[in-house]
Amino acid sequence: MAARHQGTLDRPNPLPREVAPGIFWLGECLEQSQQGKIYHGCNASFLIVGETASMLVETGHPKDFPITEGQLNKLLPGKPPLKYLFVTHQETPHCGGLGRVLTRFPDAILVGDVSDYHLAFPQHEHRMRMMKESDEIDLGGRSFRAVEPVVRDMRTTWWGFETRDRVLFPGDGFAYSHYHEDHHCGLVAEEATSLDLQDTTAVFADLALWWTKWADMRNYCARLDQLMDRLQVKTVCPTHGLVITDVARTMPKVKEGLLYGSNVAERGTNEGKFKASDLVA
Ligand SMILES: [Zn+2]
Ligand SMILES: [Zn+2]
C-alpha cells in the first residue's frame, strides 16, 4: 500500500495558486516524520508571467516533476513562452528537474549562478547564463533581479526579486514546515492560523539547515530586515515555507522562528516512519 500522500492537487487548496498578479505557486509537499508528528515541507517552484516572457523559479523536487509539469502545461497556454529558468542553488529540491525543464522547453535558458550544471548536462551548456548580484532580466513590464542571499547553505546561491509587484524568491530562506492535518497545504502563511513558526522552523533547522544551529542568527535577522526594507518586499515566495502575503505581520514570527530553531538542541532526525518501498506508488 502506498504511504505517500496523494498530493495537493487533491486537497482543499490545490496548487497552482496565483499569489501575486501573474505569479503562480506550483509544486507539492514532502512528508516529514518527526517527534511522532507528521510535518509537511514545501519544495515549491513559481511561474512569473511577464508581457513578453515567462520565467520558472526553481524546478521543485524530482519526485514532483510530473505534477509541476502538469501545472505548467495548464498555466502556460495563451501566455508568453517560458524563456527562463532560474534556480537559487544546486541542491536537489531546487534544481532536480533542471534537465527535464530544459528538454521540455527548448526555448528556455538557465539563469543564475550556473556553476557546474554543464558537467551534468553538457548538451545544454550553450543555454546557461551566469547572473551576478543586481543583474536583471526583462520579462516585459516586470523584471527579475538577482539579490543578496541572506540565508543560504551554498556559496553559489542567489535569491531572486521581481520588481513590479515586489516579490522575493528566497530559496532556503523562510524555511519552515506546515501541518497537513490542519489543512495548511496550499495556504499562505497568514491563512494558516494554527501554524507555529517556531516549531516548524526548528524542524527545518534539524532536517536541512543545520548550520543555523551554530550561527548567531540575530546577525542574519538584522541582514534580512535590511534586505526587506531596501527592496520594499510585498510578497515572499519561499521554496520550503508557505507564501507570505503580509510581510509586516509575518516577518516578526519568521525571525522568532529562526532564533528559536538555532537556540534549541537538535530534536531528532527524520524518523523514517515509512520504508523506502512504501514510497513507491
Ligand atoms: Zn533547500
Ligand atoms: Zn502540505
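Trainee: In which segment does proline 16 lie?
Mentor: This is a predicted model. The peptide bond that leads from leucine 15 to proline 16 is cis, with omega near 5°. As for its place, proline 16 lies in the segment before strand 1 (17–20).

Trainee: Which residues are the protein donors of the zinc ion (ligand 1)?
Mentor: In sequence the donor residues follow the spacing H-x77-D-x67-H. The donor atoms lie 2.0 to 2.1 Å from the zinc ion. The donors are His94 (NE2), Asp172 (OD) and His240 (NE2).

Trainee: How many residues apart are histidine 94 and aspartate 172?
Mentor: Both are donors of the zinc ion (ligand 1). Histidine 94 belongs to helix 2 (residues 92–95), while aspartate 172 sits in the loop between strand 13 (167–169) and helix 5 (197–207). The pair thus links distant parts of the chain, 78 residues apart.

Trainee: Is histidine 94 buried or exposed?
Mentor: Buried means a relative accessible area under 20%. Aspartate 172 falls in that class, and histidine 94 does too. Histidine 94 is buried.

Trainee: Is phenylalanine 174 buried or exposed?
Mentor: Phenylalanine 174 is placed in the loop between strand 13 and helix 5. Its phi is positive, about 55°, although the residue is not a glycine. Because its relative accessibility is 5%, phenylalanine 174 counts as buried.

Trainee: Where is glutamine 232, a residue with positive phi?
Mentor: Phi of glutamine 232 is near 50°, and the residue is other than glycine. Its place is the loop between helix 6 (217–231) and strand 14 (235–236).

Trainee: Are helix 5 and helix 7 parallel or oblique to each other?
Mentor: The axes of helix 5 and helix 7 (residues 247–263) come within 8 Å and cross at roughly 50°. The crossing is right-handed. With that angle, helix 5 and helix 7 are therefore oblique.

Trainee: How many residues of the contact of helix 5 with helix 7 are nonpolar?
Mentor: From helix 5 come Leu197, Gln198, Thr201, Ala202 and Ala205. They meet residues of helix 7, including Val254, Leu258 and Tyr260. The contact residues divide into 2 charged, 5 polar and 6 nonpolar.

Trainee: Which elements do the buried residues of helix 1 pack against?
Mentor: Helix 1 spans residues 65–75, and its buried residues are Phe65, Ile67, Thr68, Glu69, Gln71, Leu72 and Leu75. In an α-helix, residues three or four places apart point the same way, because there are 3.6 residues a turn. The buried residues of helix 1 pack against strand 2 (23–26), strand 5 (45–49), strand 6 (54–57) and helix 3 (98–104).

Note on methods:
Residues numbered from 1 in each chain as written. Chains lettered and ligands numbered in written order. Predicted model: local features only at pLDDT ≥ 70, side-chain atom pairs only at ≥ 80, totals over all residues. Heavy atoms only, no water. Buried < 20%, exposed > 50% of the residue type's maximum accessible area, 1.4 Å probe, protein only. Helix = DSSP H or I, 4+ residues; strand = E, 2+ residues; numbered from the N terminus. Contact = heavy atoms within 4.5 Å. Donors = N, O, S within 2.8 Å, 3.2 Å for Na, K, Ca; no water. Axes fitted to C-alpha atoms, helices over the stretch in contact; angles between N-to-C directions. Parallel < 35°, antiparallel > 145°, perpendicular 65-115°, else oblique. Left-handed = near helix turned anticlockwise from the far one by under 90°. Nonpolar A, V, L, I, M, F, W, Y, C, P; charged D, E, K, R; others polar.
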